[in-house]
Amino acid sequence: MVRFKKWYSSFTVLATVGLGHVLSTKAVEPEDILAPTIGPVVILPHASLAETYNDNVFYLTDENKVDDFVTSISPGVSLQYGQNLLDSNFIGLDYTLTQNWYAENSEISSDNHAVTFAINYQKEGKFKLSGTDSIRLDNTILRGRERSTAFIEGKRLVERSYFNDQYRFDYILSPKTSLYSSLGYDAVDYDEKPHYYYTDVFGGRTPYALYDVSSLQGALGFGWQAFPKVKLYGGGFYGRTSVERNLSNMGVHPDSDFGGGFIEADGDFGEKLTGRIRGGYQTREFDGYANKKNTESHSLPVFQAELEYQFTPKRKGTLTYTREGRVSVQSPDWAYSADLISLNMTQEIGTLDNLFADAQLTYELDDYDTRDRQDQRISANAGLTYHFNSWSRFQATYNFTLYDSNQGNIDYTVNRVILSLSVGY
């Protein structure tokens, strides 16, 4: 109780100071501080302060849980260039630093960085180019599918970098037909040091690490306005997944090629239902192993859906479902199917357009069909958001996460309560 009072007092002071600063700027136009311009460039500074109670900071089994209070500060700045914003033509760049301080487990306090670039340009009736690039530099604990059955030292940070690049070009042939191409790159790069250890029957320890996995994928296709509000897309894709080890004693695992085809429907499926649905098939073929005598393959149907239903002017729901083939970072000759389904509900409360409630439920199943392994993750969120104005808000959120695997002692549950204050457009 003493620790809670100390945490609550700290949050109250910081939140009051932050809110006081926000309110004090009312003597000046908010745009002068939070959206200044230099020629055609808009500068958008932003920041958030969050206090979190986490009952399992090391993602350990329930009997080994360790709780803590976490303070997070996330300052950042966005730059946006574009004068023709009504046509959604812009170039944007954002940098955000997130610093996490643990009250009692300071050894896992860390800094994390994120950089995002986005571009969108379209010439009406001729073409459209859109793309995003994101880089995340994280220093966090291994959890979920990153865990190993030999994982015995959970209280260590592992540095890793995430890269994601997605570009798409649409060329308009006629009012009803178009051609498009896309290029995507996705990678995770772990630190080159031991992430965990294998222990033998004599008590000896062998260092081991996760693999770096990257995938480059290209696609070509066509679009056809089959119905007034629904456009059909079809095409094929091809890509290659590359693998690199982080320790010299790690085994060499094969790269792989994957490809397939799909068909997609995009648009309004009813008066209140909008979104897109995609279905297809993917095949992955691994390179020959060191003995050059055999290869492995992995094939599966793939599916994506993003549907939004507007129940009332103040309530909407979103359903997303993804089924895809992935490669394991523990042993990259493990290809597995990943099914993820998520349901989100948002409700506006009152008549002032400033108070919202939302809830989200997510279920993920990773099926390593050739290894007789299944991992499941369930996540539930519920929260309230209050907008003081268009550039500041307060959020209170509860989050529950469960991870369950039929192999290894890596199961865990986590409960979090988060209070946060954000400033910025």
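Val-115 lies in strand β5, which covers residues 110-123; strands (E, at least two residues) and helices (H or I, at least four) are DSSP runs numbered from the N terminus. Because its relative accessibility is 34%, Val-115 counts as partly exposed; that class falls between buried (under 20% relative accessible area) and exposed (over 50%), with a 1.4 Å probe and protein chains only.

This is a predicted model, in which local features need pLDDT of at least 70, side-chain atom pairs count only at pLDDT 80 or more, and totals for chains, interfaces and linings use all residues. Residues are numbered from 1 along each chain as its sequence is written, and side-chain values use heavy atoms, with hydrogens and water left out.

Val-115 belongs to a nonpolar surface patch with Val-77, Leu-79, Leu-93, Tyr-95, Ile-135 and Leu-137, and together these residues have about 510 Å² of accessible area. Patch residues have over 30% relative accessible area and no salt bridge; like charges are joined within 9 Å, and nonpolar side chains (Val, Leu, Ile, Met, Phe, Trp, Tyr) within 5 Å. A salt bridge is a side-chain nitrogen of Lys or Arg within 4 Å of a carboxyl oxygen of Asp or Glu. Areas come from the Shrake-Rupley method with a 1.4 Å probe; for residues, only the protein chains shown count as cover.

The strands below each supply at least two residues of the patch.

| Strand | Residues |
|---|---|
| β3 | 68-81 |
| β4 | 90-102 |
| β6 | 127-140 |

The protein chain has two helices and 21 strands. Of its 425 residues, 37% count as buried.
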